[in-house]
Amino acid sequence: MGVASAPSRPVSPSDRTGPDRAHWLRVAREAADDLATDAVTREQAGKAPLDEVSRLREAGLLTLLIPAESGGGGADWPTAYAVVREIAAADGAIGQLLGCHYFMSWSARFLSGPALAAQLGKRSAAEQWCWGGGFARQELPLTLAGTADGQVLDGRQSYATGVLVADRLAVRAVRADTGEPLAVVVDPAHHGVRIDADADVFGQRLAAGGSVEFDAVPVAADDVLGSLSADEDILSPLAALASPVGRLVSVQLLLGMAEGVLAEAREYSRTGHAPWHPAWPVGTPHDPQMLTAYGELTVLTRSASALTDQALDAVHGGLARGEDLTYDEYADISVLVAMAEAAASRAVQESTTRALDIIGARSASSRLGFDRFWRNARTHTLYEPVGHRLRDVGDYFLNGAHPPFVLPA
């Protein structure tokens, strides 16, 4: 897509700040409604979500977090979280894809200097990049080694979100001589990069996941975003904030899926048919057991949402603190996010499982597609288990221990 040059003129306040939150939430709802109309058939087809990414791009959602002066939407993280949640309610896999894109594309703002972050933001906005990848540790890490001609990247990145549709990949590699972990940006079209669509998962099938082989891929100095070391002498509190910011994306994704399945089940119970399959009948909406189940799931989801709101306020406050953020403040924020992760994980697993019981035997029909919520939620929670986060919360509560620097898978 070509980018036309705008005539020179003074920059107005709206140009500096971009559209407001209400605009982006309206855009997200429209995009979610569009995705919901064919969510079942798309999920069952399981094709690479090139069309879905085009829909997000045309809606302006890919550049949402890029500053307006760099050509982006100028929105903040609370707005981006709300957008991910809205999209995830309609299609959990596309919600994951978009959330990963936001985190990967923002990573330079945590790990790099302002000049490199601004440069990447401008190019990402101008060329409408979709980002994919991941910074989680893996057993056999990618290696970044020096040669006579510069640095090269080698190894295999196992499952990572968005790699089948990404214009840029952000990955974790270790320096061959020192073992220091680094965040590296790679153009997937570069010679030596091979992407495999080998993610044979039963859920989140439209998250464009796969593995990537890197064979002596040249890495320029500006392609190294910064260190991912957990050493507090290297990683500043602001850079460490990348951990709770990224993990809160996962929380919003889970809550979106929980709210999405309850909304579709409620529509089915109220109207006597599924939203997109009006020929399928359902039982009475006044059954006491059904009402109790809806009540329990509503309380569970709303409770997780309230805890998530507290975590979101803490994350937003930490970002506003900037370089003044301390490690104690970072620890408080990280623990709040860990609690929200645990609550959201329980809410989505309960909601997606029990919604099938509420609908009854008809929920087994592949035409209705209710199973996709359970499969999507269960797949994501397997990649992001909360057991370690609960231990972090307990260790912080009992011993005052700072949670480790852990990036989302």
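Mentor: A residue is called buried under 20% relative accessible area, exposed over 50%, and partly exposed in between, with a 1.4 Å probe and protein chains only as cover. Ile 359 has a relative accessible area of 6%, so Ile 359 is buried. The model is predicted: local features need pLDDT of at least 70, side-chain atom pairs count only at pLDDT 80 or more, and totals for chains, interfaces and linings use all residues. Numbering starts from 1 along each chain as its sequence is written, and side-chain values use heavy atoms, without hydrogens or water.

Ile 359 belongs to helix H11, which covers residues 327-359. Helices (H or I, at least four residues) and strands (E, at least two) are DSSP runs numbered from the N terminus; the chain has 13 helices and 8 strands.

Contact means heavy atoms within 4.5 Å. Outside the four places on either side in sequence, Ile 359 touches Ala 265, Tyr 268, Ser 269 and Phe 370. In the chain, 77% of the contacts with a separation of 6 or more join residues 24 or more positions apart. Arg 137 lies 222 residues from Ile 359 along the chain, and their C-alpha atoms are 40 Å apart.

As for the whole, 53% of the 409 residues count as buried. Along the principal axes, the C-alpha atoms fill a box of roughly 70 × 55 × 45 Å.
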